[in-house]
Amino acid sequence: MKIIVPVKRTPDTAAEKVIGDDRTVDRDAGESVLCPVNEFSIEEAVRLKESQDAEVTVLLVGPESAQSTVRKALSYGLDGGLQVTDDAIAGSDALGTARVIAKALESREWDLVIFGNQSTDARTCLVPAAVAELLGVPSLTYARHLEVEGDTVTVHREHEEGWDVVEAQLPAIVSVVEAINEPRYPSFKGIMAAKSKPLDVVSLADLGVSADEVGAGNAAATMYEFEPRPPKEAGTVVEDDGSGAAAAQLADWMVDKKFA
Amino acid sequence: MRTTPFTTEHDALRASIRRFVEDELAPHAREWEEDGWIADWVWPRMGELGLLGLSVPEEYGGQGGDYWSTVVLAEELTRCGSGSLPMAIGVQTDMATPPILQFGTEQQKQDYLVPAMQGTKIASIGISEPDAGSDVRAIRTRARPDGDGWVLNGSKTYITNGVRADFVTMVVRTADADPGDPWGGISLFLIETDLPGFEVAAKLDKVGMRASDTALLHLEDVPVPGDALLGTVHEGFKQIMWQLQGERLIGAIGGVAGAWRTWESALAYTREREAFGRPISGFQVTRHTLVDLATEIEAAQALVYEACDAWNRGEYDVERVAMCKLVAAQLAFKVADTSMQLHGGYGYSREFDVERNWRDSRLARIGGGADEVQREIISKLMGL
């Protein structure tokens, strides 16, 4: 089985962000990391690699400096990397990014693509489904459990009330949520081996993507303004004075908020 | 420009270990201190992560890394909030098992080194006795030949991991001291702790390093098979002198890294704590104290890294290693003591880690060869 795991380089969520004049995060201004959600998609791929002898390739769309992110992903024990680097991609929205990823996937053979359900920077959750739509393959998103048997993939698709069991024929695209597994730490052996794993860097032209399909200028979504999230408001504190009044107060609060 | 000995791969390893230490070890440090026992799961978990054999060849379950990868582990473990844990792990990785890799047979490597790297067997090093410490030639634990094997009698004390160990790399007398060969007659053995006559006589109570189990071991007519002999019979003294270099160096690395951790927390406290209307870091006396310590730690680190570089190339200089051990042990305690002073009453309170660190770091000046022993080694090698 061949698996591709698309990953993203994201700003460290704990770091201070610099927003440039183009209203995008200046990715070279702060510390960047492998998107933490990708640790879960990589872990799932590594588990399939261990149990089913899958070959796993990591795919990254990003600037040249993101190569360290590809190596980081490879250090978990993946087999090789494909990096799409092209200045024209800068500022792409979710749809533009999906177009590039779809073309990159078309350039390779694969049975299963495992995305994280969202990236910790944009958090649109759109890309996996958009890629599946562009490629005309099944899309199984928000997986909290994943199994592959023969040419069938089964996931538990998480939603507010629990989960649905959804299955599809391979090839298929899956996105996973953080509840799916407990990611491992890369071993030193893996870290050292990552240096010598094959990594192909390709341009838009190599993939047959026209520059007018991607980039800030061709984005379907336009950012007009932004502002920091308002600070968290203080919650309601119910003090227990031993009289039992607190329980009633708590019950009223739950009814008021429609929890009960 | 990169001026450190560490590569980007070492940096990645460091990030990975730091996360493990912060997420999985540090939250338990206080509980282990109170229990007087590091949870047993730490060994197999670290084995699973490949952290118990970073510098061991891959064929024996190690990660095949260089010595700097071991340095990274020793440095990062100082972030766990317990002095006991780096010591217990250091015994496993850098004191009890290197002689197996260096002197052991293929079978011994498979039977002891591999499970030690996996964390499924816990290792101890058995040198000190009730009447002999750094004076290794004075040890009395005795092995007498018996058929194809040996029978052991004697005692070992201050044995780290000794209460829970699966095996002890033990220094034992195998022949009477010969005035013509004062270093002969001593041998190393790999002693399994479930042999009849092997007894953990006591779990010793200590000032510090309280989460680490320290044992007094008694051996009474313990039957030991012939293949438990590690290396060459009667050559154990030389072998253990080699082992002690690695033990002292890893201790020195931990000492310097621990001093940095202590210094960082002292700095943070002095910036927070106000007296007479300003943070105490605003007083010249505080700043100069911190600067002096930082300067000494930098200097000690440079000496230790130089010795690590030599060790990494397969060389070692006994005099330098003794200097590293001496300076790091003294400094770790000095910084801990100064930090207690800077913390005032809070430093003396059991509520914070300052006093734990003060108690833990005191051991370094005694264990693994006391300050005075290091000075004697240096003095001899200098021909004073």
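Is Cys80(B) buried or exposed? Cys80(B) is buried, at a relative accessible area of 1%. The legends below describe close-up views of a predicted model.

**View 1. Cysteines without disulfides.** Searching the whole structure turns up zero disulfides over all chains. Cys125(A) is in none; the nearest cysteine sulfur belongs to Cys35(A), 11 Å away. Cys80(B) is likewise in no disulfide, and its nearest cysteine sulfur, that of Cys308(B), lies 19 Å away. Cys125(A) is partly exposed, with a relative accessible area of 25%, whereas Cys80(B) is buried.

**View 2. The interface of chain B with chain A.** Here 18 residues of chain B are in contact with nine residues of chain A. The area buried between the two chains is about 1200 Å², and carbon and sulfur atoms give 60% of it. Glu9(B), Arg19(B) and Gln63(B) supply 45% of the area that chain B buries against chain A, more than any other three residues. Two salt bridges are counted between chain B and chain A. Glu9(B) and Lys195(A) meet in a salt bridge through their side chains, at 3.9 Å from N to O. Helix H1 (residues 8-25) of chain B gives the largest share of the side that touches chain A, nine residues. Five residue pairs are in polar contact between chain B and chain A, both residues at pLDDT 80 or more.

**View 3. Arg173(B), a buried charge without a salt bridge.** Arg173(B) sits in strand E4 (residues 167-173) of chain B. The nearest side chain of opposite charge, Asp176(B), is 6.2 Å away. The side chain of Arg173(B) instead reaches the backbone oxygen of Ala175(B), at 2.8 Å. Beyond neighbours within four places in sequence, Arg173(B) is in contact with several residues, including Arg137(B), Ile139(B), Gly184(B) and Ile186(B).

**View 4. Glu247(B) in helix H8 of chain B.** Helix H8 spans residues 236-272. Glu247(B) is buried, with a relative accessible area of 12%. The C-alpha atoms of Glu247(B) and Met95(B) are separated by 5.2 Å, though the two are 152 residues apart along the chain. Not counting residues up to four places away in sequence, Glu247(B) touches Asp94(B), Met95(B) and Gly368(B). A polar contact of 3.0 Å joins the side chains of Glu247(B) and Gln243(B).

View 5. Over all chains, the structure holds 37 salt bridges. In one of them, Glu50(A) pairs with Arg184(A), with the closest N and O atoms 2.7 Å apart. Glu50(A) counts as exposed, at 54% relative accessibility; Arg184(A) counts as partly exposed, at 26%. In chain B, Asp40(B) forms a salt bridge with Arg164(B), the closest N and O atoms being 2.7 Å apart. Asp40(B) is partly exposed, at 43%, while Arg164(B) is buried, at 10%.

View 6. Arg375(B) counts as partly exposed, at 38% relative accessibility.

Terms used. Residues numbered from 1 in each chain as written. Chains lettered and ligands numbered in written order. Predicted model: local features only at pLDDT ≥ 70, side-chain atom pairs only at ≥ 80, totals over all residues. Heavy atoms only, no water. Helix = DSSP H or I, 4+ residues; strand = E, 2+ residues; numbered from the N terminus. Buried < 20%, exposed > 50% of the residue type's maximum accessible area, 1.4 Å probe, protein only. Lys, Arg positive; Asp, Glu negative; His and termini not counted. Salt bridge = Lys/Arg side-chain N within 4 Å of Asp/Glu carboxyl O. Polar contact = N/O pair within 3.5 Å; in protein donor to acceptor, adjacent residues only side chain to side chain. Contact = heavy atoms within 4.5 Å. Disulfide = S-S within 2.5 Å. Buried area = accessible area lost by both parts, 1.4 Å probe.
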